[in-house]
Structures are given as C-alpha cells and as structure tokens.
Amino acid sequence: MLAVDLGGTNLRAAAVSEDGKLTHRKGVPTGAGDGPEAVAGRIAGLLEEVAAAAGLDAAAAAGVAVPGPVDPRSGEVAFTPNLPGWRDFQLGEALRAGTARAVRFGNDGNCAALGEARFGVGAGARDLVYLALGTGVGGGVISGGRLVEGVGGLAGELGHVVVALDGPRCTCGSVGCLETFAAGWAIARDATTVAATADGAALRRHAADGAITATIVAAAAAEGDPAALAILERAGRALGAAIGAFVNIFNPELVVVGGGVATLGDALLGPARRALPSHAFPVQRAATRLERSALGDDTALYGAAALALAEVR
Ligand SMILES: [Zn+2]
C-alpha cells in the first residue's frame, strides 16, 4: 500500500506493509501557493517515486489524507482552510494525469481514526472514536469495524459538537463547539485574556516574544502555575462533556485523543476524565477506555494506508 499525508506545509508519503511498517518515506514542501493542480502533480509524482523505491507495481492502491472535507471515492475537495484556492477541486481527476493506480481519499480526522483502529492503540477495535486536538478539533468514528462516512463522506466533525449553548463563537459559525474550548486557538485565546491580568505573570514570562500560544500554557502548567492549570481545566471539562456525548451515542470500546494539544497530557486529560461521569451513562462509560494516540505525527499517514485497504478488518 501507499499512503500520502497532504498537509498545508508538508506533503509526506510512504509505503506501508500489511502489518503497519512505514518504509521508503519521502517528504517535500506542499508548495500550496502554486495552486491545486501543481500540488496534485506533486502528490502523483511522490506516489510513483515511493512506489518505485519500494518495488510496488501499479496494482498497489494508495490512500490520501486531505486536511478538509473530501469525497472518499471521487476525491472532490469541497474546501480546505490550509490550502488556498482549493474549492470544489477534483483532486481524484487531477491525480489521474500522473498516476494510474487506485486512490481513496479521506479527511485527516477520519483517516486518523482508521489508522488508530488498524495500527494504533486501538488496533483491532471495532468501535472507536478518535479526537484530533490541534489548531482545530477534528476526528472520526469507527462503528462496527467501519468508518462512519455519512452520505457525502463528510461525517466525523466531532470538534463541532456543542458543549455550551452560550459559549464562544466558533470558526464554523456556531457557538460553544468543543473546538471553542479545546483547540489550540481557544486555549491561546483564554491564555491571552489571562496574560493581561495580574494572574498572568507566569504566562507572560514564558512568552518571550509576546505571543501567547497553547505551548506557552503547557510550559506554565508544567511548573504548576494556577492560571495555566485553570485554563486547561476548563478545556478538559469541555473535552469530558464532548467525550461523554460520544460515549453515549456510539458506545465505543476506546476513545483515542491525538494531535498536538493532546501532548498537554494529564493537565488536560485529567479534568476530562473527572468530568466524564457527569456526562456519560455508567454502563457505557465502564466499557470505554480513554487513551492518548501513540502514532504521533504519523497518525494520518497510517490512516491513509488504512484507507487504501478500504475498510477496517
Ligand atoms: Zn464549530
């Protein structure tokens, strides 16, 4: 199998064995400024280069993880915030100019769910919820061994479940979404507010260049700074409320939390675990484990490989 992780900055590809070994990795800058056609050409070129290096013939299928809503079969990308000019772009069609192999597509959150269910901490799980906490919040759901795709392949926008009806305005236009509490930008927003007060001394000290980010909050929290811990407590409680909803709806055996913000660890996940009993039925909760992803930066790449297999076995 072949896997491609299309990111806003980097384009990465690898060959993947059935047992989940990534080999013949290659990465190039996405060069998003050159426009979608040029990026499609780069993806096809990279696929063929990796295939040749790994000795894979034209029958080897490929999976491509896209940072936005995409039709799994046609590869039509509705839009993506990280790639300028990608609106209703026919990625599948554009790739056919450079590669003849079968290609399946998925948004990066859905791909990550597939990757976790096949190769990650959820290996073998047939009912799994994956939450990607990063700049935004995405995710994916595996139910009965299959990815929940929805009618247009657009299911799994778990970051936009509403956890507070009167909460902050979200990037999606709604209010009080999980993302407005637990995304990198939301944690940075809360920290910027606190940094302007007397309680924000530790945050200001860590922000040498003045930019208050989630990473600054993590550094201050690691020192036990009460203001930073309070920010993460709030984000974690929102996370616990959302996970409670997913546990009730999907009855998963495993909820996996990944993405850059998940590396905040117990400062974030502790409050989430403590909040969970208030939001999930006891029987479903008892059947669910909550774990951090162990696939790191390669989650979407593994997921793209799992896509190439078409379904979780
Ligand atoms: Zn939203």
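In what order do the five strands of the open sheet stand? I looked this up before anything else. The order is β3-β2-β1-β4-β7, and the pairing is mixed.

**Ground rules**

I am working on a predicted model, where local features need pLDDT of at least 70, side-chain atom pairs count only at pLDDT 80 or more, and totals for chains, interfaces and linings use all residues. Residues are numbered from 1 along each chain as its sequence is written. Helices (H or I, at least four residues) and strands (E, at least two) are DSSP runs, numbered from the N terminus. Two strands pair if DSSP finds at least two bridges between them.

**Entry 1: the open sheet**

I went back to the five strands, β3-β2-β1-β4-β7. I checked the edges next. β3 and β7 (103-107) each have a single partner strand, so one side of each has no neighbour in the sheet. From one strand to the next, the twist averages 15°. For angles, axes are lines fitted to C-alpha atoms, for helices over the stretch in contact, and values run from 0 to 180 degrees between N-to-C directions.

Then I looked at one pair. β1 (residues 2-6) and β2 (residues 10-16) run antiparallel and are joined by five bridges. Val4 has Ala13 in β2 as its bridge partner. A helix packs on this sheet: α11 (residues 299-308) touches β1, β2, β3, β4 (62-66) and β7. The direction of α11 makes about 135° with that of β4. Contact here means that the C-beta atoms of two residues, placed from the backbone, lie within 7 Å.

**Entry 2: two positive phi values**

Most residues other than glycine have a negative phi. I noted two residues with a positive value. Phi of His24 is near 50°, and phi of Asn251 is near 50°. His24 lies in strand β3 (residues 22-29). Asn251 sits in the loop between α8 (226-250) and β11 (254-258).

Are they buried or exposed? A residue is buried if 20 or more other C-beta atoms lie within 10 Å of its own, exposed if 12 or fewer, and partly exposed in between, with C-beta atoms placed from the backbone. His24 is partly exposed, because 17 other C-beta atoms lie within 10 Å. Asn251 is partly exposed, with 17 other C-beta atoms within 10 Å.

**Entry 3: Ala100**

I found Ala100 in the loop between α2 (91-95) and β7. Ala100 counts as exposed because it has 11 other C-beta atoms within 10 Å. I also checked a distance: 31 Å separates the C-alpha atoms of Ala100 and Ala123, which are 23 residues apart along the chain.

**Entry 4: two domains**

The protein is divided into domain 1 (2-114 + 298-308) and domain 2 (124-294). These bounds come from an automatic or database domain assignment. The C-alpha centres of domain 1 and domain 2 lie 27 Å apart. Their contact takes 11 residues from domain 1 and 16 residues from domain 2.

Which helix gives the most to the side of domain 1 that touches domain 2? I found α3 (residues 108-119), with six residues. By class, that side of domain 1 has six nonpolar, three polar and two charged residues. Ala, Val, Leu, Ile, Met, Phe, Trp, Tyr, Cys and Pro count as nonpolar, Asp, Glu, Lys and Arg as charged, and the others, Gly among them, as polar.

I stayed with α3. 12 of the 12 residues of α3 are buried, so the helix is largely enclosed by the rest of the structure. Among them are Asp108, Cys111, Leu114 and Phe119. Its length agrees with expectation: at 1.5 Å a residue, the 12 residues of α3 should span 16 Å, and the end C-alpha atoms are 15 Å apart. The expected span is 1.5 Å times one less than the number of residues.

Helix α5 (residues 184-195) has 12 residues and reaches 16 Å from its first C-alpha to its last, close to the 16 Å expected. Buried residues in α5 include Gly184, Ile187 and Val194. The buried residues of α5 pack against α4 (179-182), α6 (201-206), α7 (214-222) and α8.

**Entry 5: strand β11**

Why is β11 largely enclosed by the rest of the structure? Five of the five residues of β11 are buried, so the strand is largely enclosed. Leu254, Val256 and Gly258 are buried on one side, and Val255 and Val257 on the other.

Strand β8 (residues 128-133) pairs with β11 in the parallel sense over five bridges. There, Ala132 has Gly258 as its bridge partner. β11 and β12 (residues 289-292) run parallel, joined by four bridges. Leu254 stands opposite Arg289 in β12.
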